[in-house]
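Here are a few quick notes to read alongside the structure.

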Amino acid sequence: MNVILFGPPGAGKGTQAKNLAKKLDNFQISTGDMLREEIQKNSEIGKKIVEDMGDGRFVSDEIVNSLIEKVLSDPTKKNKLIFDGYPRSLTQAKNLEKLLGKTNQKIDFVFFLDVNKDTVIKRIEQRKTIENRSDDDLTTIIKRYDKYMETTKPVLDFYSENSNFHELDGSSKIEEITSKINSFINV
Ligand code: AMP
């Protein structure tokens, strides 16, 4: 089963993606984690993206799409993908459709975790004390949220027409969201 978890930073996508991947024995595909790994390795990609990421800007579609292409073409991951933080722009959504078609796959469910700006700020400030991410300071959080609102609306429109699209209240308790997701996918 392939699932997209969609929503602003701090919506709880990572937590739900991790739970779901474990439950289904699937793979959590977090572009944020993949990009942070490139920075840690100090790879060519890592060097290119370090400033954009630290500053809360989106990394270029070209770079993100190239990382995703590797995942989609990996036969061991076929139909076992839980997308967390991808796609984030219309170009990425269209790229994903193309790659899914090419690899004979489809998206089974799209879950939109909706949370407001105040909740996002509170949650990310908490996360900063736990994970110490450099892009979790207040100015960057606000930038990331605003950037999300600006670019992801077309992505929402792209998916929300489909019957496999479900909007969930991202400010609910973690377990409540998990159980709603589980009931939709019947596990
Ligand atoms: P996340 O861990 O999902 O909150 O992502 C952290 C940062 O990584 C974002 O603020 C962006 O700079 C970058 N990033 C992650 N996923 C994407 C994506 N799909 N497209 C562009 N930039 C991304």
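1. A term first: a charge sits over a ring if NZ of Lys or CZ of Arg is within 6 Å of the ring centre and within 35 degrees of the ring normal. Keep in mind, too, that this is a predicted model.

2. With that in hand, look at Phe-27: the charged end of Lys-77 sits over its ring, 5.2 Å from the centre. You'll find another case at Phe-58, where the charged end of Lys-147 sits over the ring at 5.1 Å from its centre.

3. Now for rings meeting rings. How many aromatic pairs does the structure hold? There are 7. One of them joins Phe-6 and Phe-112, a tilted pair with 5.8 Å centre to centre and 50° between the planes. Phe-6 belongs to strand β1 (residues 3–6) and Phe-112 to strand β4 (residues 109–114), so this pair ties together parts that are 106 residues apart in sequence.

4. Phe-6 also pairs with Tyr-148: the ring centres are 6.2 Å apart and the planes are at 50°, so this pair is tilted. Here the link runs between distant parts of the chain, from Phe-6 in strand β1 to Tyr-148 in helix α7 (residues 138–160), 142 residues apart.

5. Buried or exposed, then, for Phe-6? Its relative accessible area is 3%, and buried means under 20%, so Phe-6 is buried. Tyr-148 counts as buried as well, at 6% relative accessibility. Phe-112 is buried too.

6. To put the ring picture together, trace the cluster on screen: ring pairs link Phe-6, Phe-112, Tyr-148 and Phe-165.

How values were computed. Residues numbered from 1 in each chain as written. Predicted model: local features only at pLDDT ≥ 70, side-chain atom pairs only at ≥ 80, totals over all residues. Heavy atoms only, no water. Phe/Tyr/Trp six-rings, centres within 6.5 Å; stacked < 30°, edge-to-face > 60°. Helix = DSSP H or I, 4+ residues; strand = E, 2+ residues; numbered from the N terminus. Buried < 20%, exposed > 50% of the residue type's maximum accessible area, 1.4 Å probe, protein only.
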